[in-house]
Amino acid sequence: MKFTFTCKKVSLNDSIKEYAEKKISKLDRYFREEANALVTFSVEKGHRCVVEVTITSGGTMFRAQEESRDGDMRGAIDTACSTIDRQIRKNKTRLSKRLRQEALAPDVPAEFDVSEEAEFQVVRTKHVAVKPMSVDEAILQMNLLDHDFFVYRNTENVISIVYRRKNGGYGLLETDGIE
């Protein structure tokens, strides 16, 4: 597994990075192709250690963001690894059979055969008019509607999405413009 580490508002010693490599490398056995792991460490509000782990392999992405309120970065790493492990376990059949044949290695241990949730079920379809507007206008419209996201066309006439982030602030997704 290839690792990329990013530290935001914190400087870490090599022992934390080595610990993260050791824990996350255990997940490597589930992937056929070499996986890439992006690990981001940050400290928020002085004492909350936040670890974000994103693993990509075979076009499939797994992501977990966990925090430890007691200042324990290792605990946040452990929790993030457990979260990704649960994602693989929960979606094992769906990943290996329907979405991506090559996503998981065929020898995923049998102990991960847990009850998988039912088929995805769309319970509501909504049609929206995608109007041209600026990012600020889109965020204002999203807030007025009290939604968590809003789809619009940006000033270059490309479909974009603004969304409210869990940890505060807003995010912006921009498509590549190919229609």
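A: Two strands count as paired if DSSP finds at least two bridges between them. Helices (H or I, at least four residues) and strands (E, at least two) are DSSP runs, numbered from the N terminus. The model is predicted, so local features need pLDDT of at least 70 and side-chain atom pairs count only at pLDDT 80 or more, while totals for chains, interfaces and linings use all residues. Residues are numbered from 1 along each chain as its sequence is written, and side-chain values use heavy atoms, with hydrogens and water left out.

Q: Which residue in E4 is the bridge partner of serine 57?
A: The bridge partner of serine 57 is threonine 60. The hairpin of E3 and E4 has two residues between the strands, and glycine 58 there takes a positive phi near 60°.

Q: How does E3 pair with strand E2?
A: Strand E2 (residues 36–44) and E3 are antiparallel, with nine bridges. Within this pairing, isoleucine 55 in E3 is the bridge partner of alanine 37. Three residues lie between the strands in the hairpin of E2 and E3, where lysine 45 has a positive phi near 50°.

Q: Is strand E3 mostly covered or mostly open?
A: Burial is read from relative accessible area: buried means under 20%, exposed over 50%, and partly exposed in between (1.4 Å probe, protein chains only). Strand E3 (residues 48–57) is mostly covered, with eight of its 10 residues buried. For the protein, buried residues make up 34% of the 179 residues.

Q: What is the order of the strands in the four-stranded sheet?
A: The order is E1-E2-E3-E4, in an open sheet with mixed pairing. Strand E1 (2–8) and E4 are at the edges with a single partner strand each, so one side of each has no neighbour in the sheet. From one strand to the next, the twist averages 15°. Axes are lines fitted to C-alpha atoms, for helices over the stretch in contact, and angles run from 0 to 180 degrees between N-to-C directions.

Q: Do E1 and E2 run parallel or antiparallel?
A: E1 and E2 run parallel and are joined by seven bridges. Opposite phenylalanine 3 stands alanine 37 in E2.

Q: Which helices pack on this sheet, and where?
A: Contact means heavy atoms within 4.5 Å. Helix H1 (residues 14–25) lies across E1, E2 and E3, at about 135° to E1. Helix H2 (residues 73–90) packs on the sheet and touches E2, E3 and E4; its direction makes about 145° with that of E4.

Q: How many aromatic pairs are there?
A: Rings of Phe, Tyr and Trp (its six-membered ring) pair if their centres lie within 6.5 Å; planes under 30 degrees apart count as stacked, over 60 as edge-to-face and the rest as tilted. By this rule there are two aromatic pairs. Phenylalanine 3 and phenylalanine 5 have ring centres 5.8 Å apart and planes at 5°, so they are stacked. Phenylalanine 5 and phenylalanine 41 are also stacked, at 6.0 Å centre to centre with 15° between the planes. That pair links distant parts of the chain, as phenylalanine 5 in strand E1 and phenylalanine 41 in strand E2 are 36 residues apart.

Q: Is phenylalanine 41 buried or exposed?
A: Phenylalanine 41 is buried, because its relative accessible area is 0%. Phenylalanine 5, at 24% relative accessibility, counts as partly exposed.

Q: Which charge sits over a ring?
A: The test is that NZ of Lys or CZ of Arg is within 6 Å of the ring centre and within 35 degrees of the ring normal. Here the charged end of arginine 74 sits over the ring of tyrosine 19, 5.4 Å from its centre.

Q: Which strands form the three-stranded sheet?
A: Its order is E5-E6-E7, an open sheet with antiparallel pairing. Strand E5 (149–153) and strand E7 (170–174) are at the edges, each with a single partner strand, so one side of each lacks a neighbour in the sheet. E5 and strand E6 (residues 159–164) are joined by five bridges, and arginine 153 stands opposite isoleucine 159 in E6.

Q: What pattern does the protein follow along the sequence?
A: The pattern is β-α-β-β-β-α-α-α-β-β-β, with four helices and seven strands.
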